[in-house]
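Hi there,

Here is the structure I promised to pass on to you.

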Amino acid sequence: MDSRISKKKKFEFRELTKNEKFLLTLLGIILFSWISYRFVFTPQLHKLKTLSEQRIEYEDKILAMNETLRKEEQINKDWDILHKEKEQIVSRYFPRMDQAQIIYLLNDLIENEDLSVVDLNFNRPNYEDIGGFQVRNMGISIPYNGGYLGIIDMINSIKSSPRKILVDSLSMDRDSTGTLNGNMSLKIYSLEGIAESGENVVYIDTVEKPVKDTPFSSYSDFSGDGNSTNLDDKDSTEIKPYIEETLLDFENKNSYFLPSQPLVKGSVSQSTNAKSKKYSLRFEYNIIAIEEENRAYIDISKNNVVLKYPPNTIGLWVYAYDYSPATLGLGFNGQMGERLFWPISEGIGWTGWKYIEVSPPSDLNLYPLKLDKLYLEIPKDREDFGVLLLDKLEGVYVRNLGEDGSDKSASEFIFHIVKPGDTIHSIGMEYYGTSNYKDEIFKLNEIKPGELLPVGKVLVLKKR
């Protein structure tokens, strides 16, 4: 019995003293604090430090982005300049080595009555290392015979070619009759595979042939006896009280898309759905309007549309596929660099073709004005996308009629100031797209063939 009592007493716990309870409590607090710090506060502090570093990094990025946005206008201008420089460089080369296109261009360049080209011999295309690039090129051999002036005119024509052609070698010999015979070696370069030009066809401007009179028009000396009816109505022979001058017909690929901000997307191309002649301009746009200015520009500056005097109206044919809140407008550039934007239609409220027009600025102090842009604008905080076709941009002037009903309107002549490197051939190509009118230019300006053109000389040219 005593042994059982002693075992029971052996397992009895004594009550903890006040100091022991305090120490155990303090130990528990320390353990909890260490566990909390080790597994809770330390990871949170590390994460907080990481987030603080990210915040500083994002703030730096925001500052850099704001700085970039402040330079947006200058960046757009620089991009515009670089884009134009790139287009100018690319446009000087053939988009691809196509013999048919090369023959078409050479046929226009070497057309001369004083020179006979016997044959065109094409070499196999090869590559040449230029500035670290493998540039594709092709050699062409042209046997010829003719007079000295004809050869000089051919060389000048090749120098003024819209596509870069290098005269690699030239040989000539005079026969017993005084005729020069020889061979000219040309080299043509293409940027195919290096720079994309956006086109695979070379477009050469040509002068349109005058339209023949209809064979069904009435005989001018015929007078009716009351029983006969003239085929031409009298009103059709009357002079219209206004002149419609075509400013741009979009037949050439000289228009480019430019955005006012990064969220303005689009493109321009040619369309065969035309109101006038063969092509119209297809204008695609996709605009998210979050800035103060949300415009899709069509750069037409290379077409050199200059208004010397304010027309009564400027009109444009527009084909719309759907309605839109967009505003169509014109962008002018003054001689002192001043910019002027002029709405021509606020909203697209029609489908199909429609002729829209507006009266341009009438202040004579602003002129001459260069029409260098068309634009489409979307109001802020809107989004819109679509396609428009544009054709036959024209200026309408009131015709100056005399008391007798005769036409006293503007002269049929224009002026050209000779620039360094100008020749009669290059001037003819610039204004008419051909050198067929060089004799006319010689005669109008009393210039002899072979005579040097002094820089600054003002030439008289006939309008076509």
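The chain exposes about 30300 Å², and carbon and sulfur atoms supply 54% of that area; accessible areas here come from the Shrake-Rupley method with a 1.4 Å probe, and for residues only the protein chains shown count as cover. Please keep in mind that this is a predicted model, where local features need pLDDT of at least 70, side-chain atom pairs count only at pLDDT 80 or more, and totals for chains, interfaces and linings use all residues. Residues are numbered from 1 along each chain as its sequence is written, and side-chain values use heavy atoms, with hydrogens and water left out.

Of the 464 residues, 32% count as buried (under 20% relative accessible area; exposed is over 50%, partly exposed in between, with a 1.4 Å probe and protein chains only). You will find 8 helices and 20 strands (DSSP runs numbered from the N terminus: H or I of at least four residues for helices, E of at least two for strands). Of the contacts (heavy atoms within 4.5 Å) between residues at least 6 apart in sequence, 72% join residues at least 24 apart.

Now for some backbone details. Most peptide bonds are trans, and most residues other than glycine have a negative phi. The bond from Tyr367 to Pro368, however, is cis, with omega near 5 degrees; Pro368 sits in the loop between β16 (352-358) and β17 (369-377).

Asp381, in the loop between β17 and β18 (383-398), has a positive phi of about 65 degrees. Asp381 counts as exposed because its relative accessibility is 62%. Lys392 belongs to strand β18 and has a positive phi of about 50 degrees; at 24% relative accessibility, Lys392 is partly exposed.

Happy exploring!
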